[in-house]
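Take a moment to look over the sequence and the 3D view. Then read on with both at hand.

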Amino acid sequence: MEKIKYQKLVDKHTPKENILLNALIGFIVGGFLGVVGEVLVELYSYYLHIPSKDASVFMIVTLIFIGCFLTALGFFDNLVKFAKCGLIVPITGFAHAMMSAALEYRKEGFVTGLGANMFKLAGSVILFGVVSAYVFGLLRIILIG
Amino acid sequence: MIYVHAFIFCGIVCMIGQLILDNTKLTPGHITTMFVIIGAFLDSFNIYDKFVLWAGGGALVPITSFGHLLIHGAMDTVNTFGVMGLFMGMFDLTSSGIVAAIIFSFFFSLFFSPRD
């Protein structure tokens with residue numbers, strides 16, 4: 001009986017440590033990516049002589065390229081296992097979702113496989129983004145004018 | 001100083017996502033979708049613009065900026081075309097991200113095979 005009680009206590013307490021550690025890893029990895037984004041924006045606007053608003057578009061494309069490339073090489077899944085939301089919440093997660101769906105369904109042909117399934121994971125982001133932007137846009141027109 | 005702000009903002013957004021992932025049964029897909037909706041909500045009353053001013057590129061890296069850019073593009077055309085502008089400008093600013101993701105995924109999927 002003592003052992004079962006002890007095991008229950010252990011089960012109760014083990015995940016809690018992991019939650020804190022995971023949150024810390026997510027904070028550090030996510031923050032690092034944020035700094036990389038800011039550095040890229042400043043580099044692009046300095047060397048290409050463009051305003052930082054346009055440089056941020058370049059930065060997003062660069063991060064998506066990195067996310068797609070690492071996923072295609074097979075590194076990204078291992079990195080996600082370690083950093084979890086630190087890599088899923090930034091825009092690299094969007095690239096990862098599309099790239100892994102594309103890689104997985106490529107075998108089933110171009111139209112029925114790749115074309116039909118590419119947005120399987122990333123589609124919800126686009127769908128609910130557009131729907132919510134439409135609803136909030138209407139609200140803002142009605143409220144503010 | 002803006003690098004510290006970028007680190008803190010992006011880190012906190014990712015940490016909130018991680019806490020939701022660990023403490024509930026939601027999948028990463030739910031979390032990214034939720035964050036896009038939150039980003040669109042915050043930007044519809046100009047709150048997210050303040051984050052962008054404060055954290056610079058750090059506020060544009062998390063997926064919340066996707067919702068922010070969607071509604072930002074829509075609002076730019078609403079100013080000139082009225083309600084129909086909502087349908088016209090929605091993808092003006094986000095098209096780069098979506099097109100880049102589609103193009104890179106398509107061409108990489110031709111040359112690479114899954115590693116499982």
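Predicted model: local features only at pLDDT ≥ 70, side-chain atom pairs only at ≥ 80, totals over all residues.

Residues are numbered from 1 along each chain as its sequence is written, while chains are lettered from A and ligands numbered from 1 in the order in which they are written.

Start with chain B. Its secondary structure comes to six helices and zero strands. Here helices (H or I, at least four residues) and strands (E, at least two) are DSSP runs, numbered from the N terminus. The C-alpha atoms of chain B fill a box of roughly 50 × 35 × 35 Å along the principal axes. Of its 116 residues, 50% are buried. A residue is buried if 20 or more other C-beta atoms lie within 10 Å of its own, exposed if 12 or fewer, and partly exposed in between, with C-beta atoms placed from the backbone. Two residues are in contact if their C-beta atoms, placed from the backbone, lie within 7 Å. Among contacts in chain B with a separation of 6 or more, 59% join residues 24 or more positions apart.

Now find helix H2 (residues 28–44) and helix H3 (residues 47–55) of chain B. They pack at an angle of about 100°, with their axes 4 Å apart. Axes are lines fitted to C-alpha atoms, for helices over the stretch in contact, and angles run from 0 to 180 degrees between N-to-C directions. Angles of 65 to 115 degrees count as roughly perpendicular, so H2(B) and H3(B) are roughly perpendicular to each other. In this contact, B:Gly39, B:Leu42 and B:Asp43 of H2(B) meet B:Ile47, B:Tyr48 and B:Asp49 of H3(B).

Which residues of H3(B) are buried? They are B:Tyr48, B:Phe51 and B:Ala55. They cover an arc of only 50° around the axis, which puts them on the same side of H3(B). The arc is that of the directions from the helix axis to the C-beta atoms. An α-helix has 3.6 residues a turn, so residues three or four places apart point the same way. On the other side of H3(B), B:Lys50 and B:Leu53 are exposed. The cover over the buried residues of H3(B) includes helix H1 (2–23), H2 and helix H4 (64–81) of chain B. After H3(B) comes B:Gly56, with a positive phi near 60°.

Turn to helix H3 (residues 76–83) of chain A. Its buried residues are A:Phe76, A:Val80 and A:Ala83. They fall within an arc of 80°, so they line one face of H3(A). The face turned away carries the exposed residues A:Asn78, A:Lys81 and A:Phe82. A:Lys84 follows H3(A), and its phi is positive, near 50°.

Finally, see how the chains meet. In all, 62 residues of chain A are in contact with 59 residues of chain B. On the chain A side, the largest share, 16 residues, comes from H1(A).

The largest nonpolar core has 76 residues, and A:Ile64, A:Phe94 and A:Met98 have the most contacts inside it. Such a core is a set of buried Ala, Val, Leu, Ile, Met, Phe, Trp, Tyr and Cys residues joined through C-beta atoms within 7 Å. Helix H5 (residues 91–105) of chain A gives the largest share, 10 residues. Leaving aside neighbours within four places in sequence, A:Met98 is in contact with A:Met118, A:Ala122, B:Ala101 and B:Ser105.

Conventions
Parallel < 35°, antiparallel > 145°, perpendicular 65-115°, else oblique.
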